[in-house]
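This report goes through charged pairs, the ligand site and some backbone details. The sequence and the structure come first.

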Amino acid sequence: MSETGSVDRYAVMGNPIAHSKSPQIHRMFAEQTGQSLRYEALLVPEDGFAEAVADFLYRDQGKGLNVTVPFKQQAWELADQLSERAEPAGAVNTLLLRDGVLYGDNTDGAGLVRDLVHNHGVQLKNKRILMLGAGGAARGVMLPLLEQQPASLHIANRTVLRAQELVGCFEEFGELSASGFDSLQGHFDIIINATAAGLGGEVPPLPEDIIDRNTLCYDMMYASEPTAFVRYCLEHNAAKAVDGLGMLVEQAAESFYLWRGVRPDTQPVIEALGNS
Ligand code: ATR
């Protein structure tokens, strides 16, 4: 409860936003932890993000925000102060006011790492990782992945220049390399799909032999049906192929912790969403 006795308000802002699972996830977290709060999904016009944030946090005294497509970069620019992990990510998915200062964090990478390591039992240390894609989604998770000290991280992207630029931004944090898809070769323990190809039901054009029986495939995208990438990897005999449902719930848990100081149990929420 806030000082005025009204329930603390949170929201996710995006465009589109109707299919966001964040309200459902945060309501389950609140119920489970006994926290009294309200969380809603707000559709924000493409050119109205800064105004919507000001209205929600200053006028309506909202306590915190999640930010999704297409506003994560704008949220990064808007924040007065950035967390260590949000700064190099170039994107912010969590905002809150701290002593009047607009603080921006990015919990996506932590959510991905926690899902891989904690939920799927996949250690990243000394592993050879292949990241598909070099856009905002890939950039957002680079630092938390590299903090796990993989042996190497190779970025493959349709536009090679973007992959090379991403390597340039993060090379001080690990063993990085870049290529297009056609010249992709070598053996990888873990392949992470951070491209937007799945939005059109497509899979990045991977060489036939890049997946084998030991490869763990992870799609950062989530859909109620198995994603095109997950289907492709299983058809190519991957050891395991999972979608981004766990990441979605884990990044939300990290935001919830930031706002409320309480860490929810993610397992029952992942199970409930997976069965819905
Ligand atoms: P996001 O924030 O979702 O990462 P983005 O910054 O527009 O969005 O990046 C989209 C990523 O998906 C890019 O890596 C893009 O490749 P390009 O940089 O070459 O454009 C990749 N992508 C989108 N559609 C794709 C497709 N059909 N096949 C392979 N890669 C695709």
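Aspartate 60 is partly exposed, at 28% relative accessibility. The model in which this value was computed is a predicted one. The partner of aspartate 60 is arginine 59, and the closest N and O atoms of this salt bridge are 2.9 Å apart. Arginine 59 itself is exposed, with a relative accessible area of 58%.

**Salt bridges**

Side chains of opposite charge can pair when their charged atoms come close. In this structure there are twelve salt bridges. Three of them are listed here.

| Pair | Closest N to O distance |
|---|---|
| Arginine 38 and glutamate 40 | 3.7 Å |
| Arginine 59 and aspartate 60 | 2.9 Å |

Is glutamate 40 buried or exposed? Glutamate 40 has a relative accessible area of 17% and is therefore buried, since the cut-off for buried is under 20%. Arginine 38, with which glutamate 40 forms a salt bridge, is partly exposed at 46% relative accessibility.

Both of these residues belong to a network of salt bridges, which links Arg9, Arg38, Glu40, Asp55, Arg59 and Asp60.

Aspartate 108 is buried, with 12% relative accessible area, while lysine 72 is partly exposed, with 21%.

**The ligand site**

How many residues surround the ligand? There are 13, and the closest are Ala137, Asn157, Thr159, Arg162 and Ala196. By type, the residues of this shell are four nonpolar, six polar and three charged.

Some contacts can be given atom by atom. Threonine 159 has a polar side-chain atom 2.5 Å from an oxygen atom of the ligand. For glycine 135, a polar backbone atom is 3.5 Å from an oxygen atom of the ligand. A nitrogen atom of the ligand lies 3.0 Å from a polar side-chain atom of glutamate 202. On its own the ligand has 640 Å² of accessible area, and the protein covers 73% of this area.

**Backbone details**

Most residues other than glycine have a negative phi, and most peptide bonds are trans. Some places in this model depart from that pattern.

The peptide bond from asparagine 15 to proline 16 is cis, its omega being near 5°. Proline 16 sits in the loop between strand S1 (8-14) and helix H1 (22-33). Another cis peptide bond runs from valine 69 to proline 70, with omega near 5°. The loop that holds proline 70 is between strand S3 (64-67) and H3.

Which value does phi take at glutamine 149? Phi of glutamine 149 is near 60°, which is positive in a residue other than glycine. Glutamine 149 belongs to the loop between helix H6 (136-147) and strand S8 (152-156), and at 48% relative accessibility glutamine 149 is partly exposed.

Asparagine 237 also has a positive phi, near 65°. The loop in question lies between helix H8 (228-235) and strand S12 (240-242). Asparagine 237 is partly exposed, with 40% relative accessible area.

Definitions and conventions:
Residues numbered from 1 in each chain as written. Predicted model: local features only at pLDDT ≥ 70, side-chain atom pairs only at ≥ 80, totals over all residues. Heavy atoms only, no water. Salt bridge = Lys/Arg side-chain N within 4 Å of Asp/Glu carboxyl O. Buried < 20%, exposed > 50% of the residue type's maximum accessible area, 1.4 Å probe, protein only. Near = heavy atom within 4 Å. Polar contact = N/O pair within 3.5 Å; in protein donor to acceptor, adjacent residues only side chain to side chain. Areas by Shrake-Rupley, 256 points an atom, 1.4 Å probe, with all protein chains shown as cover. Nonpolar A, V, L, I, M, F, W, Y, C, P; charged D, E, K, R; others polar. Helix = DSSP H or I, 4+ residues; strand = E, 2+ residues; numbered from the N terminus.
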